[in-house]
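Work through the exercises below with the structure open. Each task is followed by a solution in steps.

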Amino acid sequence: MLVLLILVVAVALILGVTDIRRNLITKPVFTVFKKILPPLSDTEREAMEAGDVWWDGELFKGKPDWQKLHSFPKPELSAEEQAFMDNQVETLLQMLDDYQIVQEQRDLPKEVWDFVKREGFFAMIIPKAYGGREFSAIANSTIVSRIATRSLTAAVTVMVPNSLGPGELLMHYGTQAQKDFWLPSLANGTDVPCFALTGPEAGSDAGGIPDTGVVCQGEHDGKQVLGIRLNWDKRYITLAPVATVLGLAFKLYDPEKLLGDKQELGITCALIPTSHKGVQIGDRHFPMNMAFMNGTTYGKDVFIPLDWIIGGPDYAGRGWRMLVECLSAGRGISLPALATATGHLAARMTGAYGYVRQQFGMSIGKFEGVQESLARIGGLNYSLEAMRVMTAGAIDMNLSPSVVTAIAKYHMTEMSRTLMNDAFDIHAGRAIQVGPKNYLAHGYMGIPISITVEGANILTRNLMIFGQGATRCHPYVLAELEAAANPDAEQGLKQFDSLLLKHVGFAIGNTFGALWQGLTAGVFNSAPVSGETAKYYKQLTRMSRALALSADVSMLMLGGELKRREMLSARLGDVLSQLYIASAVLKFYEDSGRQQCDLPFVHYSLQRALFEIGRAFDGFFANFPNRVVARVLKTLVFPFGIGYKLPNDEVAIQICEALSKPGVVRDRLTHLCYIGADENDATGLMESAFVAMHNAQPLMKKIYQAQREGKLARKLPLLQTIELAQEAEVITAAEAEQLIKMNTLRFSAISVDSFAAGTLEAMAVKPTDAA
């Protein structure tokens with residue numbers, strides 16, 4: 001007893017007396033910590049510090065506050081935004097013929113360009129004070145999604161001026177003079193912007209930008225002024241061929257120290273009229289056969305004045321920080337909007353096609369093989385819409401959640417790729433024949449573009465989501481990194497000492513918490529709701545605790561090596577991502593009024609998310625280099641094995657039934673999908689055939705009953721059967737006419753386009769044209 005008391009007193013002294021603790025514990029730990037610390041480049045550090053920690057921080061700490069999730073405001077369109085949707089957006093959609101745009105003109109018609117400029121489609125993010133629309137992020141997202149279901153080319157054209165580029169950078173960092181000069185002309189469409197960051201050898205690695213600017217004296221407007229001599233070679237720049245103002249990112253150097261003591265100032269952003277001497281634009285790329293403007297820009301020894309730097313000379317060298325802080329628009333609004341458009345279009349049209357297309361005497365949507373794919377389309381579409389709304393909602397809360405938007409960009413574009421592949425499998429030959437009737441082909445071609453831009457998906461998954469997430473979202477790691485980087489070693493030690501005990505307590509709590517969660521399967525966790533979704537909150541809390549523990553152990557054991565073990569760290573990133581996806585689904589379900597008819601979609605989305613979490617953890621444990629630690633971790637988290645499974649067949653069948661019949665549920669879950677007003681439009685034709693076949697079912701039942709009774713022969717062509725049914729007075733003349741029209745629509749809807757001899761050859765690009 002005495003020995004125990006002595007030990008307790010000793011521990012209390014060591015931990016409680018600052019000088020003793022700091023010398024005996026903190027200092028040695030601090031020394032080891034700095035050795036295993038993952039080294040950060042300047043661009044990485046700026047990326048870490050930029051943006052906000054939001055719901056991702058809750059998920060990372062191991063005890064998510066679900067009430068906090070549900071307290072976030074429900075993103076909704078204002079009356080003004082809804083009016084724009086109902087009028088300008090619908091007018092634009094009716095002006096678009098996507099086959100003509102992509103395959104024949106390879107550009108938007110002039111009247112479309114004029115309309116989008118005149119009606120403020122390029123000015124959705126610009127304040128009203130400068131003539132812009134000043135719409136919310138959710139409105140921006142909804143507008144782009146709706147347009148994308150009609151024409152990807154038009155959607156990208158509208159999307160880019162409202163994403164990362166001159167407009168957004170000016171609003172955040174521009175001088176008052178720059179805002180007054182540029183924003184009104186950008187708002188009314190007089191000026192068309194582009195932003196040039198990417199080059200042949202510098203994409204996601206901004207630090208590798210070879211484009212340079214050198215501070216020097218030069219001539220501008222007939223006067224000698226201090227400015228920058230630029231050289232650049234940029235590729236893949238959307239709207240560059242038609243832009244009138246060029247946002248340019250480059251590395252700025254000041255060899256004569258005309259601006260200060262530094263010779264290498266860093267990445268800088270400037271705004272340059274494309275009419276300026278030496279600026280070259282006009283050449284086009286042809287990204288995946290899409291018709292939106294995308295091309296090159298060059299400049300050699302182009303001199304600009306210093307005040308063309310966005311934000312003025314004070315912002316020289318601050319360009320990378322500016323860019324990473326503004327990436328939320330592209331990653332959190334634009335690309336998720338395109339992915340969600342794919343989901344809405346594929347879910348609505350594939351459900352209809354599965355009903356209209358018949359084989360072996362029944363709709364192919366009745367075959368379970370087709371239902372498996374159609375259910376995946378429906379389930380993923382529900383997740384996509386939930387993520388779109390929740391992520392845009394965060395931006396409307398004046399947040400810039402860099403980790404969350406990276407999750408949205410990566411997983412939503414990958415989900416769209418998966419469900420589009422399923423849509424192609426179900427449509428089969430109907431999907432691969434490009435023509436005016438094909439509503440899937442151009443979206444399919446565009447998916448690899450979304451996968452590639454705004455940080456290619458391999459980079460986003462393997463470096464950004466967990467690489468930034470582990471540091472930004474962890475309660476203590478970023479502060480510990482800052483302490484380790486403090487040039488004042490003594491001050492850094494004090495900072496670290498104040499964090500160490502908290503971090504140790506956090507780790508111990510997660511260790512025992514994960515064991516308790518594993519032993520009890522999370523059944524004693526609290527949930528903010530009752531009913532069928534309560535169990536999911538409990539399991540997500542359990543997995544959040546497991547993530548917190550696994551991340552801490554990984555950073556402790558691997559240190560800087562974890563940064564290079566991309567396959568390992570990416571699996572933890574997958575866990576964080578699936579926790580976010582599941583959170584978005586739960587919030588969307590609640591915000592939608594807990595619709596009973598949504599439950600199959602909710603179950604599918606959440607069960608799939610939990611399955612993916614289990615799979616990610618399984619891969620993590622199987623590949624963790626220290627096998628003893630790996631076994632201990634797996635035993636703590638899953639003492640009885642990983643029990644998460646993919647949704648069962650009954651849930652899949654319920655989703656298919658919802659997508660295969662007209663009604664409020666289908667309309668609500670695919671509300672973004674454009675449906676042509678008449679049968680001359682591809683989506684209008686499929687929808688008309690779908691509705692006509694449903695409306696004809698009572699008549700077809702009369703015919704089937706007559707066949708069973710022997711009044712009508714079986715296995716005759718449908719038109720002949722209709723004629724015989726009328727003659728036998730099984731149906732009336734009016735009913736026969738209804739069935740004949742239905743059959744005409746059905747056949748037209750499942751048919752594909754064909755072209756007269758020589759038509760396609762006449763549309764071919766000649767070698768001289770492409771040169």
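**Exercise 1.** Classify Glu58 as buried or exposed, and find its salt-bridge partner.

*Solution.* Step 1: Glu58 has a relative accessibility of 7%, so it counts as buried, the class for values under 20%, where exposed means over 50% and partly exposed lies in between (1.4 Å probe, protein chains only). The model is a predicted one: local features need pLDDT of at least 70, side-chain atom pairs count only at pLDDT 80 or more, and totals for chains, interfaces and linings use all residues. Residues are numbered from 1 along each chain as its sequence is written, and side-chain values use heavy atoms, with hydrogens and water left out.

Step 1: The partner is Lys68, with the closest N and O atoms 3.4 Å apart. Lys68 sits in helix H5 (residues 66-71) and Glu58 in helix H4 (residues 55-60), 10 residues apart; helices (H or I, at least four residues) are DSSP runs numbered from the N terminus.

Step 2: Lys68 has a relative accessible area of 34% and is therefore partly exposed.

**Exercise 2.** Which parts of the chain does the salt bridge between Arg348 and Asp667 tie together?

*Solution.* Step 1: The closest N and O atoms of Arg348 and Asp667 are 3.0 Å apart. Arg348 belongs to helix H14 (residues 328-356) and Asp667 to helix H28 (residues 664-669), so the bridge joins parts 319 residues apart in sequence.

Step 1: Arg348 is buried at 8% relative accessible area, while Asp667, at 38%, is partly exposed.

Step 2: Both residues belong to a network of salt bridges that also links Arg666 and Glu687.

**Exercise 3.** Describe the salt bridge between Glu735 and Lys702.

*Solution.* Step 1: The N to O distance is 3.1 Å. Glu735 is in helix H32 (residues 733-750) and Lys702 in helix H30 (residues 697-708), 33 residues apart.

Step 1: Glu735 is buried, with 17% relative accessible area, whereas Lys702 is partly exposed, with 36%.

**Exercise 4.** How many salt bridges does the rule give?

*Solution.* The count comes to 25 salt bridges.

**Exercise 5.** Which residues make the nonpolar surface patch of about 290 Å²?

*Solution.* Step 1: The patch is made by Val504, Ile508 and Phe512. Patch residues have over 30% relative accessible area and no salt bridge; like charges are joined within 9 Å, nonpolar side chains (Val, Leu, Ile, Met, Phe, Trp, Tyr) within 5 Å. Accessible areas come from the Shrake-Rupley method with a 1.4 Å probe; for residues, only the protein chains shown count as cover.

Step 1: Phe512 lies in helix H21 (residues 489-520) and, at 57% relative accessibility, counts as exposed.

Technical notes
Salt bridge = Lys/Arg side-chain N within 4 Å of Asp/Glu carboxyl O. Helix = DSSP H or I, 4+ residues; strand = E, 2+ residues; numbered from the N terminus.
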